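Here is a guided look at one protein chain, from its overall make-up down to single residues. Keep the view open beside the text and turn it as you read.

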Amino acid sequence: MADNEWLEKDYYAVLGVDSAASDAEITKAYRRLARKYHPDVNSSEEAEDMFREVSEAYDVLHNRENKCRYDTLWGASVRKSGLPGAAAGANSAGSAAANNSANSAYSQSYFQPAGSTTYSGVPQGQQGVHYAGSSSAAGPDLSGIFRQYDHGDGDYDLHENPGDVFTPMASASKKGADRNASVKLTFAQAVRGATVSLSFGNEKFRANIPAGVTNGKRMRLAGKGKPGVNGGPAGDLYLTVNVEPDVQGRFTINGRDLHMILPVTISEAINGGVVESRDYYGNPLMVRIPKGSYEGAKVRIKGLGITVNTGNDADGIVKTPQNTGDLVAVVSVRLPSVLTESQLEALRAFDEKTGEFNSAVAAERLGKDYVSEGASGVRASEGVGAGV
C-alpha cells in the first residue's frame, strides 16, 4: 500500500489500541479481532471488510520499519489537520476545560457527519470497528466522546447511522441457512406414511412423512435447518421425497385416491358385468364393469383409498369418509396375441356384421364427424363408469 493511503486510516483505532501500544499489545489486539471477524466464524455482512481492515492494520503496525514510517507520516498529517490525537501529552492539557475543548474538536474533526465520504481515519463502510475505551498520555481523552456507548466492560461498539454521527451497534440476529435433503420411500411407505431418521453431522432427528406422498414431493420442515445467528431463528429443511414404483406395477397414487389397473377381456368390456379382483391391501374385491366400457374407463369404489392421519386419532388412524380416499379401477382391455383359425374366422364374421360401426371408427381416426352413440354404438371421449 502506498504511504499516502496510510494517511487516510487510523490503524491504532482499527485495532483498538493507542499509539504508545507495545508490539505485544498490538499482536494481542489483532488476534482478538481476527477471531471475531474471521469469515469462517462470522457470517455477518461486514465481517469480511473488517477482517481485511484489521489484517491491514496489523501488517503495518507489527513491522517496525513500517510502523516508524506510519507514525511519522500519520502523526504529521494529524498535527497538520489540527487534531490533538498525535500530540504527546494531549491528556495533560492543563485544565478540564481545555481537555473538554480538545475532545469536542477531536469528535467534530475525526467523526464527520453522516453522508461524508470518509471519516478522517475511518473509511466509509468500515462499520462496527471495535474501539478500546482506555486512553494514555500519547493520545486524547476519548471518554467524553465514548462514555455514552460504554457497555460497562470498557469497550465500545459503534456503527454509522444516517440520523446521527454514531449510535450504539447491536448485534443483528439472523435466520439460519436452509438445508436440502432427500429420502427414498417404498410405495407401501408412501401409501401408509412413514417416519424417517435424518442426520446432519452430530444432529439427528425424525421426520414424519404423511400417507399419500407422491414421487418428487418437496416438504418443508420448519426450524430444522442450520442454527440462527445471534439468537435468530433456525433455518428450514426442504426434504425431497422419492417414491419407488409399486412392485406389482398396478397401483399409483393420486392425492388420497389409489388408481388400480383392471384388466378385462373384450367380451367383459362389451357386455359388462362383475369381475373379481383385490384391493391394494390384498382384500377380495368385486368390481362392476359398465356395459360398453372402453380402454381407460374408470370405476370408482368409495373408501378403499389412502387414509390420512388428521391428528385427532389418539389410538391410531380411524378411517372416515373425510380422511379416506377412493380406489379407482382403470379398465384395460386385453387382446389375445395369438388366435386360432376358428377364432379369426369368428372375428371376420363379426367384422362383416358391424360395418357401420367400423366406418364410424375410421371417420373418427380422420377427425371427421361420426355417427352418435345411439345410432352406431361408438363412444367419443365421455367417461364411462360409476361416479367418475
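## The model and its ground rules

This is a predicted model, in which local features need pLDDT of at least 70 and side-chain atom pairs count only at pLDDT 80 or more, while totals for chains, interfaces and linings use all residues. Residues are numbered from 1 along each chain as its sequence is written, and side-chain values use heavy atoms, with hydrogens and water left out.

## The chain as a whole

The chain contains 12 helices and 16 strands. Helices (H or I, at least four residues) and strands (E, at least two) are DSSP runs, numbered from the N terminus. Of the 388 residues in the chain, 35% are buried; buried means under 20% relative accessible area, exposed over 50%, and partly exposed in between, with a 1.4 Å probe and protein chains only.

The accessible surface comes to about 22500 Å², and carbon and sulfur atoms hold 50% of it. These areas come from the Shrake-Rupley method with a 1.4 Å probe, and for residues only the protein chains shown count as cover. Among contacts (heavy atoms within 4.5 Å) with a separation of 6 or more, 58% are between residues 24 or more positions apart.

## A helix pair: H3 and H4

Helix H3 (residues 23-37) packs against helix H4 (residues 47-61) at an angle of about 165°, and their axes are 9 Å apart. Axes here are lines fitted to C-alpha atoms, for helices over the stretch in contact, and angles run from 0 to 180 degrees between N-to-C directions. H3 and H4 are therefore roughly antiparallel to each other, a label for angles over 145 degrees, with under 35 being roughly parallel, 65 to 115 roughly perpendicular and the rest oblique.

The crossing of H3 and H4 is left-handed, that is, the near helix is turned anticlockwise from the far one by less than a right angle; clockwise would be right-handed. On the H3 side, the residues that meet H4 include Ile26, Tyr30 and Leu33. Their counterparts in H4 include Met50, Phe51 and Val54.

Three strands form an open sheet in the order E6-E10-E9, with mixed pairing. Its edge strands are E6 (179-185) and E9 (217-221), each pairing on one side only. Neighbouring strands of this sheet are turned by 25° against each other on average, direction ignored. Two strands pair if DSSP finds at least two bridges between them; E6 and strand E10 (residues 237-243) do so in the parallel sense over 7 bridges. Arginine 179 stands opposite leucine 237 in E10.

Leaving aside its neighbours within four places in sequence, glycine 223 touches Ala234, Gly235 and Asp236; its C-alpha atom is 5.0 Å from that of alanine 234, 11 residues away along the chain. Asparagine 230 is also partly exposed, with a relative accessible area of 48%, and has a positive phi near 55° in a residue other than glycine.

## The sheet E11-E12-E16-E15

Four strands make up another open sheet, ordered E11-E12-E16-E15 and mixed in its pairing. Strand E11 (251-254) and strand E15 (298-301) stand at the edges with a single partner strand each, so one side of each is left without a neighbour in the sheet. The twist averages 30° from one strand to the next.

Strand E16 (residues 327-333) runs parallel to strand E12 (residues 257-264), joined by 7 bridges. Leucine 262 has valine 331 as its bridge partner in E16, and valine 264 stands opposite valine 333. E15 pairs with E16 in the antiparallel sense over 4 bridges, and here valine 299 faces alanine 329. E16 is mostly covered, with 5 of its 7 residues buried.

## The hairpin of E13 and E14

Strand E13 (residues 273-278) and E14 run antiparallel, joined by 6 bridges. Glutamate 276 has methionine 286 in E14 as its bridge partner. The hairpin has 5 residues between the strands, and glycine 282 takes a positive phi near 90°.

In a regular strand the side chains alternate between the two faces of the sheet. Strand E14 (residues 284-289) has a covered face of Leu285, Val287 and Ile289, and an uncovered one of Pro284, Met286 and Arg288.
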